[in-house]
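Open the model in your viewer and keep the selection tool at hand. We will walk through it one stop at a time, and each stop says what to select next.

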Amino acid sequence: MTADADERLIAALAERYGFSQGAVRALQQAMVRGGGRMAQFQHPELGGMGQWQAGGLLMIGQIGNAELQARVGLLAEALRQAAQAQAGERTPPSRPPAALAGLVGFSAPWWPADMGQPAASGGQGDVRYAFFPALRRLAVLAVGTLTLYDTLDHQVYGVSQQQGHSASLQFTSQRGVFTVDALPIVERRAQP
């Protein structure tokens, strides 16, 4: 992408999502440093310190500001898509790294093998989750029980979790913040 085209993209995204060009550029540069798969950024308009990961995870310093988190998530996805288009890629993002700071990654798959690789996974304490956007499924393992949820039309790009059971999981999508209780259960079974 030429420098002129890059500046046009930054200006267009700044206007579309309501950020300054400096904020958009800061996130873009953080994504470049993260190889297009993750970004650690710090900008006041983006909620202060934050982390983004391709496939669905976003955390910003302004905890509880769902509107800002949604806008930052949409901006990050737009930047990711622009970078893929520029590189000629037409494939979904690669599997994210095992964990973000504050989340514990799990290397051995605990979800059904026929689901394939999740776009995002993580957990804390005795609760684990994995998101499968192509299947419209969210798998949650809590206290030895695996529950599969239908994600409906949610495009999940953020997750937060407080200590405790699966009800403490909050996800952010284009429709705002929601808990697993808002999703229909597809299957529930004991997990060894």
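## The whole chain

Starting at the N terminus, the elements follow the order α-α-β-β-β-α-β-β-β-β-β-β-β-β. That makes three helices and 11 strands, where helices (H or I, at least four residues) and strands (E, at least two) are DSSP runs numbered from the N terminus. This is a predicted model, in which local features need pLDDT of at least 70 and side-chain atom pairs count only at pLDDT 80 or more, while totals for chains, interfaces and linings use all residues. Residues are numbered from 1 along each chain as its sequence is written, and side-chain values use heavy atoms, with hydrogens and water left out.

Colour by accessibility if you like: of the 192 residues in the chain, 45% are buried. Here buried means under 20% relative accessible area, exposed means over 50%, and partly exposed is in between (1.4 Å probe, protein chains only). Among contacts (heavy atoms within 4.5 Å) with a separation of 6 or more, 42% join residues 24 or more positions apart.

## Stop one: the largest core

Select Phe19, Leu27, Phe41 and Leu75. In the largest nonpolar core, which has 25 residues, these four touch the most other members. A nonpolar core is a set of buried Ala, Val, Leu, Ile, Met, Phe, Trp, Tyr and Cys residues joined through side-chain atoms within 4.5 Å. At least two residues of this core come from each of α1 (3-17), α2 (21-33), β1 (38-43), β3 (57-60) and α3 (66-87). The most come from α3, which gives seven.

Now centre on Phe19. Leaving aside neighbours within four places in sequence, Phe19 is in contact with Ala14, Val24, Glu45, Leu46, Leu68, Arg71, Val72 and Leu75. Look at Arg71 in particular: it lies over the face of Phe19, 4.2 Å from the ring centre. For a charge to sit over a ring, NZ of Lys or CZ of Arg must be within 6 Å of the ring centre and within 35 degrees of the ring normal.

## Stop two: two helices

Show α3 next. Its 22 residues should span 32 Å at 1.5 Å a residue, and its end C-alpha atoms are 31 Å apart, which agrees; the expected span is 1.5 Å times one less than the number of residues. The buried residues of α3 include Leu68, Val72 and Leu75, and also Gln69, Arg80 and Gln84.

Then move to α2, whose 13 residues reach 18 Å from first C-alpha to last, close to the 18 Å expected. Its buried residues are Ala23, Val24, Ala26, Leu27, Gln28, Ala30 and Met31. Which elements do the buried residues of α2 pack against? They pack against α1, β1, β2 (48-53) and α3. Following α2 you will find Gly35, with a positive phi near 70°.

## Stop three: aromatic rings

Select Trp110, Trp111 and Phe132, which form one aromatic cluster. The structure holds four aromatic pairs. The rings of Trp110 and Trp111 have centres 5.4 Å apart and planes at 80°, so this pair is edge-to-face. Rings of Phe, Tyr and Trp (its six-membered ring) pair if their centres lie within 6.5 Å; planes under 30 degrees apart count as stacked, over 60 as edge-to-face and the rest as tilted. Trp110 is buried at 6% relative accessibility, and Trp111 is buried at 9%.

Select Ser173 in strand β9 (residues 169-173). Is Ser173 buried or exposed? It is buried, with a relative accessible area of 0%. Not counting residues up to four places away in sequence, Ser173 touches His154, Gln155, Val156, Tyr157 and Phe178. The side chains of Ser173 and His154 are joined by a polar contact of 2.7 Å. Such a contact is a pair of N or O atoms within 3.5 Å; within protein, one must be able to donate a hydrogen and the other to accept it, and residues adjacent in sequence count only if both atoms are side-chain atoms.

Tyr157 counts as buried at 11% relative accessibility.

## Last stop: two loops

Most residues other than glycine have a negative phi. Arg136 is not a glycine, but its phi is positive, about 55°. Find Arg136 in the loop between β5 (127-132) and β6 (137-142), where it is partly exposed at 41% relative accessible area. Finish at Val143, in the loop between β6 and β7. Its phi is also positive, near 50°, and Val143 is exposed, with a relative accessible area of 61%.
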